[in-house]
Structures are given as structure tokens and as C-alpha cells.
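Hello,

Here is the structure we discussed handing over. Please load it before reading on.

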Amino acid sequence: MKGESMFRRVFLLLTVALPGTASAQTSDQIRSFQSIFRPIGAPAETVHRTDVLVLLICLGIFVVVGGLLLYSVVHYRQRPTDDDTTEPPQVYGSTAIELAWTVPPILIVIVLALATARTVGEIENPKYVSDPLKVRIVGHRFWWEIRYPKFNVVTANEIHVPVSYLSTPRPIELTLESADVVHGFWVPELNGKQWLVPDRANKWWIQPTTLGTYLGNCTVLCGLQHANMLIRVIVESPEDFDRWVSREQRPPTFEPNVAEGRRDFEVNSCGSCHTIEGTISNGIFGPDLTHFMSRKTLGAGVAPNDDENLKSWLRDPQVLKPGCLMPDMKLNERQVEQIVVYLRTLN
Ligand SMILES: [Cu+2]
């Protein structure tokens with residue numbers, strides 16, 4: 001590991017450990033530490049309140065138990081003057097002590113249960129203050145399909161949403177499904193974790209109030225590349241979001257210089273797994289590539305979407321993401337170059 005990146009990691013770890021000094025997220029970070037202590041928006045704030053309550057109660061228990069333990073260890077330690085031949089006084093039964101260690105714990109458990117039930121209720125049955133924007137998310141091994149039914153927009157791995165202002169809250173309702181195995185959706189800054197289960201549609205929601213890019217993970221071990229199944233939620237101003245939507249809705253335009261790359265794409269059966277609107281490519285096994293260039297990352301966040309990584313991906317995706325479900329397509333270098341030219345025009 002390079003010295004600089006080591007330093008950066010330690011720094012990030014510290015900023016996460018000290019929520020008060022948490023640094024702002026920079027939008028181009030591929031990976032960063034996430035934190036449950038910087039809630040952004042309604043559901044995350046509700047979860048955070050319960051987290052803090054539980055942590056404070058646990059801290060109280062820790063201090064009392066640890067304090068009593070420490071006191072006993074120090075106060076009743078063996079001393080040189082101790083007489084080892086006689087036992088210390090033995091005490092049998094004490095109603096006061098027994099009440100002390102049963103009644104408060106029961107009360108604490110009741111408080112924890114009620115607080116948790118209330119939070120779960122608020123999160124699972126949201127009362128939206130306005131009509132939510134609906135986004136459908138389908139987990140795949142090892143990437144996320146993202147659909148906006150209202151706009152007829154399909155993308156992958158990077159979820160664009162408009163920011164919520166206090167005056168105009170914009171809740172976002174997520175419908176979570178799975179195309180294969182069980183996955184988990186978790187963007188710690190935006191809400192708790194929710195499951196994606198085959199043959200079931202789970203609801204979830206976020207309502208981010210601060211611009212930025214928030215990172216999330218699949219939280220259920222779903223196979224070899226589970227750890228590289230990253231989520232990016234890009235919270236934009238309503239104007240930027242609208243611009244993004246209209247860009248995604250625009251059909252791609254094909255310039256003459258992409259003809260060769262397009263043919264290479266089609267004859268190498270890329271289109272049996274990938275869709276590019278307006279062409280014969282209509283596969284759904286892999287991410288939709290119609291607006292591939294609107295994404296900053298490749299392979300669900302495994303690498304930045306730059307020329308070098310894209311070429312490496314096309315030469316053999318198993319190098320950047322070993323075990324991912326796109327096979328080595330055995331392209332030659334000329335085909336790789338031409339397909340890159342083609343993909344680079346998919347704005
Ligand atoms: Cu997964």
C-alpha cells in the first residue's frame with residue numbers, strides 16, 4: 001500500500017470515528033468510508049436517533065458494570081497482610097440485590113423494544129409528505145438494475161435523485177427486487193438496510209437533504225463479487241436531475257465513425273446480454289448500455305469509467321472483476337478499440 005493512501009485511509013477513519021468533524025463527501029470518490037453517524041434525510045435521521053439512544057443506554061450499562069468490576073478488583077485485591085486460611089464472609093440471598101439486577105434490566109429491555117418498534121414502524125410505513133418519485137431497483141449478481149418507470153429510463157449502479165428541500169420534500173420510494181439470489185441494499189447515510197428477495201417486491205425509501213454522492217453496498221453475501229456490488233446515490237438539484245432525466249430519455253445518435261464498433265458489438269453477441277436502444281441489441285442479462293457514458297464507474301463501482309479501464313474490461317472483464325458474470329469475449333485489439341469508440345458515443 002502506498003504511504004499516501006495509507007495516510008488517507010487513517011484520516012478517513014478518524015473523520016468517521018469523530019462524527020463532528022466528518023468531512024464532506026467528494027463526488028468522485030470511488031470508495032470511501034460510510035457512516036451511520038451522518039444521517040442525511042428523514043428515514044436515516046429516525047434510525048440515527050434510535051442508534052444514539054441504544055448506544056447511550058449501552059454506554060450507561062458499560063460504565064456501571066465496568067465501574068463495579070474495577071472497584072471490586074481494586075478494592076478486594078489480595079494484600080500481603082491477608083490471611084489465606086480463612087474464607088471471606090459468605091452472603092446468601094439478598095432481595096435488594098436481586099431486585100436491583102432484575103428490575104432495571106427488564107425496564108431497559110422494554111425501553112429498547114418500544115423505541116425500536118416505533119422506529120421500524122416509521123421506516124416501514126412511511127407517511128409521505130408529497131407524491132414520492134418511484135425507482136425500481138433489481139439486484140443482479142453483481143450489479144444493480146435501476147428503472148424509473150415514470151420516465152421510462154433504465155440505467156445501472158448509479159441512482160440519480162433530486163435533493164429534498166425543507167420547503168419541498170421529495171421522498172423517493174424504492175421498490176427492491178432480485179433477478180437471482182438474495183441481495184441487500186444499504187446506503188448508510190440515507191436509510192437502514194433492506195432485503196432484495198427473488199419473487200418479492202420490498203419497499204424502501206430515502207429522502208436526502210444534502211447534495212452529494214452517497215455510497216452503498218450489497219449487504220448479503222451473494223457470490224464471488226459481492227464486495228464489488230457497490231451502489232452510488234447521486235443527489236442533485238432538481239434542475240440537474242431533470243437534465244439528467246432528459247439526457248437518459250434521448251435516443252442515442254449514431255455518428256458515422258462508430259459503424260465499425262457497432263458492428264463488432266453486434267456480431268460478438270454483446271447484444272444478447274446488453275440493451276442499446278434503437279439497435280438490435282436488446283439483452284437484459286447485463287447492464288443497459290444505452291447511456292453508458294452517463295455513468296462514472298464501471299462494473300458496479302469496481303473502477304472509474306475511463307478509457308484504460310474500459311479497454312481492460314473489454315479485453316477480459318475477469319481481470320478487473322474476477323468471477324463477474326460477463327465472460328471474456330476474446331476480442332482482438334482492433335475490436336476493443338472500435339467498441340470503445342462506439343461505447344464512448346453512448347451519452
Ligand atoms: Cu449482492
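My notes on the strands, the core and the helices follow. Keep in mind that this is a predicted model.

Start with β1 (residues 133–140) and β2 (residues 143–148). They pair in the antiparallel sense, over 5 bridges. A hairpin of 2 residues joins β1 to β2.

The hairpin of β2 and β3 has 4 residues between the strands. In that hairpin, asparagine 152 takes a positive phi near 60°.

**Core**

The largest nonpolar core has 49 residues. Which of them touch the most other members? They are Ile137, Leu174, Ile231 and Val233. Strand β10 (residues 230–236) gives the most to this core, with 4 residues.

Isoleucine 137 deserves a click. Leaving out residues up to four places away in sequence, isoleucine 137 touches Trp144, Ile146, Leu174, Thr175, Leu176 and Phe185.

**Helix α3**

Helix α3 covers residues 95–124, which is 30 residues. At 1.5 Å a residue, α3 should span 44 Å. Its end C-alpha atoms are 43 Å apart, which agrees. Is α3 largely buried or in the open? Of its 30 residues, the number buried is 1, so α3 lies largely in the open. The cut-off for buried is 20 or more other C-beta atoms within 10 Å.

**Helices α5 and α8**

Next, α5 (residues 259–267) and α8 (residues 333–343). Their axes come within 7 Å and cross at roughly 110°. Angles of 65 to 115 degrees count as roughly perpendicular, and α5 and α8 are therefore roughly perpendicular to each other. On the α5 side, the contact is made by Glu260, Gly261, Arg262, Asp264 and Phe265. On the α8 side, the residues are Gln335, Gln338, Ile339, Val341 and Tyr342.

**Aspartate 240**

Last, a single residue. Aspartate 240 is found in helix α4 (residues 238–249). There are 15 other C-beta atoms within 10 Å of aspartate 240, which makes this residue partly exposed. Cysteine 58 is 182 residues from aspartate 240 along the chain. The C-alpha atoms of the two are separated by 43 Å.

Best wishes

Methods
Residues numbered from 1 in each chain as written. Predicted model: local features only at pLDDT ≥ 70, side-chain atom pairs only at ≥ 80, totals over all residues. Pairing = 2+ DSSP bridges. Expected span 1.5 Å × (residues − 1). Buried ≥ 20, exposed ≤ 12 C-beta atoms within 10 Å, placed from the backbone. Core = buried A, V, L, I, M, F, W, Y, C linked by C-beta atoms within 7 Å. Contact = placed C-beta atoms within 7 Å. Axes fitted to C-alpha atoms, helices over the stretch in contact; angles between N-to-C directions. Parallel < 35°, antiparallel > 145°, perpendicular 65-115°, else oblique.
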